[in-house]
Amino acid sequence: MPQAIPFAEDRMERPYDANAVTRFFRACVAVTNVLQSFRTAYLGKVSPVHLFWGSFDIAVTRFSGRHAPSHPGGIPALPDEITREAYSHEVSSAGFWPGGGAIDFPAFYSYAYPIPTGFAAARISPEAAYYDENLGEFLLPYDAVRLANNPEDMLMTFLESTYRAAAELGDWDRAALECKVGKPRQPRPM
């Protein structure tokens with residue numbers, strides 16, 4: 001970071017908008033709840049819902065269990081060794097990005113690595129979702145979800161349809177990896 005100031009020495013005044021921070025916090029909680037519910041419908045290896053340290057997005061990743069080709073790296077602010085480790089196996093990842101950088105609006109995203117043939121042309125729901133060629137991932141603007149009659153259902157539809165496209169086109173063993181949606185933090189009955 002140019003002109004980085006160590007945290008312990010940073011005494012600069014910063015504006016603070018308590019209302020904006022509260023709205024952002026509430027959005028993050030709502031998004032996390034939907035991602036945690038989405039996570040329960042998977043028996044394979046799946047990450048916890050987490051705030052990704054490298055970019056400030058809330059994400060969850062499902063793994064197919066199969067090795068992936070070595071990732072080429074080149075992700076800004078993420079060392080190539082970490083990128084290669086993170087993408088050592090096939091993934092379908094989704095989350096929420098508050099905006100900035102490549103997209104200047106808050107959005108939900110979903111991508112697969114490696115990108116299966118036909119992924120960009122897959123039929124995804126809801127209608128507001130689209131594939132961004134520059135990013136190589138599907139986007140769903142936050143405002144489309146925020147203004148929906150049922151935001152949670154709209155987001156879950158996006159998560160399920162983009163995962164399904166990645167898994168079907170990537171020939172994942174869906175019968176062995178998927179299950180009905182459960183309840184976050186509650187074991188399934190045997």
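Which residues of H4 are buried? Keep that question in mind as you look at this predicted model. The answer is Met154, Leu155, Met156, Phe158, Leu159, Ser161, Thr162, Tyr163, Ala165, Ala166 and Ala167. Let's see what surrounds them.

**The nonpolar cores**
- The largest nonpolar core has 36 residues, and Phe108, Phe158 and Leu159 have the most contacts inside it.
- At least two residues of this core come from each of helix H1 (18-39), strand S2 (58-67), strand S3 (89-97), strand S4 (107-113), strand S6 (137-141), helix H3 (142-146) and helix H4 (151-169).
- H4 gives the most to this core, contributing nine residues.

**Helix H4**
- H4 has 19 residues and reaches 27 Å from its first C-alpha to its last, close to the 27 Å expected at 1.5 Å a residue.
- An α-helix has 3.6 residues a turn, so residues three or four places apart point the same way.
- After H4 comes Asp171, whose phi is positive, near 55°.

**Strand S3 and its partners**
- S3 is largely enclosed by the rest of the structure, because eight of its nine residues are buried.
- S2 pairs with S3 in the antiparallel sense over seven bridges, and Val60 stands opposite Ala94 in S3.
- S3 and S4 also run antiparallel, joined by seven bridges, and here Gly95 stands opposite Tyr109 in S4.

Definitions and conventions
Residues are numbered from 1 along each chain as its sequence is written. This is a predicted model: local features need pLDDT of at least 70, side-chain atom pairs count only at pLDDT 80 or more; totals for chains, interfaces and linings use all residues. Side-chain values use heavy atoms; hydrogens and water are left out. A nonpolar core is a set of buried Ala, Val, Leu, Ile, Met, Phe, Trp, Tyr and Cys residues joined through side-chain atoms within 4.5 Å. Buried means under 20% relative accessible area, exposed over 50%, partly exposed in between (1.4 Å probe, protein chains only). Helices (H or I, at least four residues) and strands (E, at least two) are DSSP runs, numbered from the N terminus. The expected span of a helix is 1.5 Å times one less than its number of residues. Two strands pair if DSSP finds at least two bridges between them.
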